[in-house]
Number of protein chains: 10
Amino acid sequence: MLFHVTMDVVIPHDLAAGERVDVLAREKAYSRDLQAQGKWIHLWRVVGRYSNVSVFDVESSDEMHDILWNLPLFEYMTIRVTPLCRHPSALSVR
Amino acid sequence: MLFHVTMDVVIPHDLAAGERVDVLAREKAYSRDLQAQGKWIHLWRVVGRYSNVSVFDVESSDEMHDILWNLPLFEYMTIRVTPLCRHPSALSVR
Amino acid sequence: MLFHVTMDVVIPHDLAAGERVDVLAREKAYSRDLQAQGKWIHLWRVVGRYSNVSVFDVESSDEMHDILWNLPLFEYMTIRVTPLCRHPSALSVR
Amino acid sequence: MLFHVTMDVVIPHDLAAGERVDVLAREKAYSRDLQAQGKWIHLWRVVGRYSNVSVFDVESSDEMHDILWNLPLFEYMTIRVTPLCRHPSALSVR
Amino acid sequence: MLFHVTMDVVIPHDLAAGERVDVLAREKAYSRDLQAQGKWIHLWRVVGRYSNVSVFDVESSDEMHDILWNLPLFEYMTIRVTPLCRHPSALSVR
Amino acid sequence: MLFHVTMDVVIPHDLAAGERVDVLAREKAYSRDLQAQGKWIHLWRVVGRYSNVSVFDVESSDEMHDILWNLPLFEYMTIRVTPLCRHPSALSVR
Amino acid sequence: MLFHVTMDVVIPHDLAAGERVDVLAREKAYSRDLQAQGKWIHLWRVVGRYSNVSVFDVESSDEMHDILWNLPLFEYMTIRVTPLCRHPSALSVR
Amino acid sequence: MLFHVTMDVVIPHDLAAGERVDVLAREKAYSRDLQAQGKWIHLWRVVGRYSNVSVFDVESSDEMHDILWNLPLFEYMTIRVTPLCRHPSALSVR
Amino acid sequence: MLFHVTMDVVIPHDLAAGERVDVLAREKAYSRDLQAQGKWIHLWRVVGRYSNVSVFDVESSDEMHDILWNLPLFEYMTIRVTPLCRHPSALSVR
Amino acid sequence: MLFHVTMDVVIPHDLAAGERVDVLAREKAYSRDLQAQGKWIHLWRVVGRYSNVSVFDVESSDEMHDILWNLPLFEYMTIRVTPLCRHPSALSVR
């Protein structure tokens with residue numbers, strides 16, 4: 001099942017520098033692991049914004065929620081989730 | 001260059017049936033041709049809506065505009081275009 | 001998989017009376033059949049509006065889309081789809 | 001009487017850890033008690049968000065307000081309340 | 001139970017004059033009857049708009065919906081319904 | 001002259017407890033006094049929100065502004081003011 | 001009493017030419033008459049839009065509503081009314 | 001040249017009392033001076049809000065910007081600027 | 001004086017073909033003439049939309065309004081006008 | 001490739017004065033350098049707001065993103081990016 005997800009990130013100015021470096025590193029590792037598993041199949045940066053557009057391929061909504069809920073940056077994100085399905089004109093699914 | 005494009009389609013109720021069939025067929029052929037050329041690299045249907053989410057890989061903004069402007073369904077569409085670029089955590093570009 | 005769906009209906013004033021009666025009857029039969037199958041598990045009317053709030057239990061996003069795409073009233077509807085999952089405090093899933 | 005309620009939760013970053021654990025525990029107990037009483041009849045998590053969609057079955061608007069006003073997380077919530085009623089095509093009320 | 005209701009009216013330009021006179025007359029009679037019954041307890045015109053703000057005192061959401069659904073002008077209205085309850089500082093309920 | 005006023009209240013988390021108790025007490029006394037004078041003729045709580053819907057009967061816009069500007073909770077409020085007038089179908093003015 | 005009013009005008013394309021000329025002439029005469037009476041004290045065109053910003057000085061909300069309700073172009077207008085009052089720093093009222 | 005300007009003011013709760021008194025005094029003097037010069041030709045308070053509606057008569061956009069940019073309260077304001085011009089039905093320009 | 005103007009164009013489906021060709025030709029000639037005069041100094045197409053972003057250099061708001069009001073496509077446009085002025089960091093004005 | 005970019009700036013009140021002076025100086029130098037390179041081809045101030053409208057001429061979306069991401073004021077900005085292309089009626093491209 002495919003989900004289209006946008007994530008807008010706002011990290012508070014007063015977050016301690018060390019904490020900031022740590023959470024960003026954990027976020028990068030977390031996303032790279034999911035990409036390697038084939039769950040996080042597309043990840044693009046939106047030009048000019050601290051935002052990304054992603055597409056996930058997961059087994060269920062519950063799995064989609066767990067992945068997003070456990071993003072290290074989750075509490076600093078505004079997330080919009082849109083379920084996708086196969087388009088009748090699409091030559092490929094993913 | 002990657003562009004994220006959403007297209008919401010509203011075809012007027014009073015469009016002649018024949019015209020409707022024709023424009024939909026031309027739209028399908030048009031999109032399949034661009035997919036085959038590797039320009040239209042992702043095309044998904046949004047669940048529950050006459051809308052799609054697409055990603056295009058083109059040479060320039062001008063090319064992106066020409067592709068969209070010449071969509072057979074263009075006049076029945078609300079289109080939003082978001083330029084994308086490589087995400088620092090992404091394992092692959094496309 | 002659970003999907004929360006809102007449907008706002010606006011039927012054009014100039015729709016022929018016969019067509020109106022027919023499409024409403026088909027809509028009622030269609031929804032009752034899906035309720036009987038256990039797919040359409042909740043259907044409520046929003047007070048004061050020609051709108052409903054529904055919850056569907058389906059196998060996949062594709063199935064969810066097909067159900068909504070084939071609603072007799074689909075072309076007269078504005079539909080919003082929100083994927084749901086289990087709440088950690090919920091005593092029951094559905 | 002049925003009420004559809006959405007609750008978006010934003011807990012301030014600087015809330016003391018102990019206070020956070022306490023208020024979340026009180027919230028869980030509060031909601032489970034109301035579910036056990038048959039007041040809070042549906043509680044789902046919205047995929048990817050610290051939000052829920054709920055349906056309550058109560059005697060009056062006053063009772064609905066008291067229930068929401070006394071949610072331990074109330075001051076950290078944005079709440080939208082939509083009164084529901086029986087849909088003419090619904091096979092069941094709840 | 002009290003409901004706060006706003007109604008914005010847009011009557012199509014091309015509605016036949018006779019039909020317009022008739023529906024407006026039926027609307028006036030309908031609302032005066034409900035006011036006489038004590039259901040429609042407040043009805044005010046919003047300055048400068050074809051809109052009203054109303055407060056209803058009814059037994060249930062179902063009754064509220066039936067009253068609004070059967071307004072002669074219903075199909076030409078955008079309606080917003082807000083459930084009200086007693087304010088802790090209010091000297092009177094209605 | 002009638003004014004329809006909505007007031008959404010957000011009291012900062014970090015307001016000292018004593019100050020909070022004081023300002024709420026002054027707000028209650030202030031509103032009860034105006035109700036007793038017949039100026040604040042309707043005051044309802046919006047279900048599920050720290051908001052009220054009110055109707056005022058005052059001599060002028062200036063008086064309306066002074067009443068609102070001097071609300072003890074004014075700086076914690078988002079206020080919307082809508083001038084009302086007599087509805088042609090209304091059996092009573094207030 | 002002062003009211004700030006914005007009026008956005010959209011005249012249907014298919015309005016008969018004669019009717020269009022007539023309603024515009026009546027609108028101009030109507031507004032000039034009220035300006036001459038000192039009711040309509042300010043009338044400006046918004047650059048680039050078929051909109052105006054106006055200020056009225058009237059005796060009551062009822063009078064304000066009657067003036068706007070009887071604008072020849074009323075049914076083609078979106079109107080927003082904002083009550084004004086004296087600003088503590090203003091050297092003059094109007 | 002006429003500009004219509006709305007200014008919504010939100011002064012932070014934690015601004016030192018002395019600073020607050022000072023900036024408000026400077027704001028009042030600043031606006032009275034511009035009114036005396038005939039630049040700030042209209043200044044009204046919006047009923048129920050810490051907002052004003054103003055009209056300025058200046059030589060150019062640059063002058064308009066300098067006036068607003070140097071408002072003592074500028075950093076606490078949300079400002080919207082709308083260029084005005086003569087209305088064909090207006091009996092007077094200002 | 002510089003004005004930033006966006007123009008979104010929606011031409012009704014049922015506009016006669018001849019009328020459509022004529023109004024588009026007049027629009028093109030009109031804009032080219034103003035560009036040649038140095039009034040319309042920038043004109044860009046927004047990718048994927050029947051919209052443009054323009055910058056005008058004119059003597060006054062009145063002149064700006066006349067130019068826009070007399071656009072052949074004016075009645076089919078949604079126009080937003082934003083007055084610009086010199087940026088303190090800008091190396092050039094236009 | 002041309003990009004239209006708007007930047008709304010909100011610098012936190014509690015930013016240390018020294019830091020504020022420094023970041024503004026770096027921002028000015030940064031933008032002047034890019035203007036000198038011919039990348040940042042237009043930069044205007046929006047009248048009455050701490051905002052600018054800019055147009056960039058760059059080689060790719062990635063380059064556009066890098067330029068914006070590295071703006072010294074980036075974390076205090078809300079940025080909207082709109083890709084532009086040649087308008088069929090435009091006499092010049094830039």
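This is a predicted model: local features need pLDDT of at least 70, side-chain atom pairs count only at pLDDT 80 or more; totals for chains, interfaces and linings use all residues.
Figure 1. The ring centres of I:Trp40 and I:Phe56 lie 4.6 Å apart with the planes at 40°, so the pair is tilted (rings of Phe, Tyr and Trp, the last by its six-membered ring, pair if their centres lie within 6.5 Å; planes under 30 degrees apart are stacked, over 60 edge-to-face, the rest tilted). The pair links distant parts of the chain, 16 residues apart: I:Trp40 belongs to strand 2 (residues 40–46) and I:Phe56 to strand 3 (residues 51–57) of chain I (strands are DSSP runs of E, at least two residues, and helices runs of H or I, at least four, numbered from the N terminus).

**Figure 2. The aromatic pair of F:Trp69 and F:Phe74.** Over all chains, the whole structure holds 30 aromatic pairs. One of them, between F:Trp69 and F:Phe74, is tilted, with 5.1 Å centre to centre and 45° between the planes. F:Trp69 is partly exposed at 30% relative accessible area, whereas F:Phe74 is buried at 12%.

**Figure 3. A cluster of rings from chains A and J.** Ring pairs join A:Tyr50, J:Trp69 and J:Phe74.

**Notes.** Residues are numbered from 1 along each chain as its sequence is written, and chains are lettered from A and ligands numbered from 1 in the order written. Local features need pLDDT of at least 70 and side-chain atom pairs pLDDT 80 or more, while totals for chains, interfaces and linings use all residues; side-chain values use heavy atoms, without hydrogens and water.

Technical notes
Buried means under 20% relative accessible area, exposed over 50%, partly exposed in between (1.4 Å probe, protein chains only).
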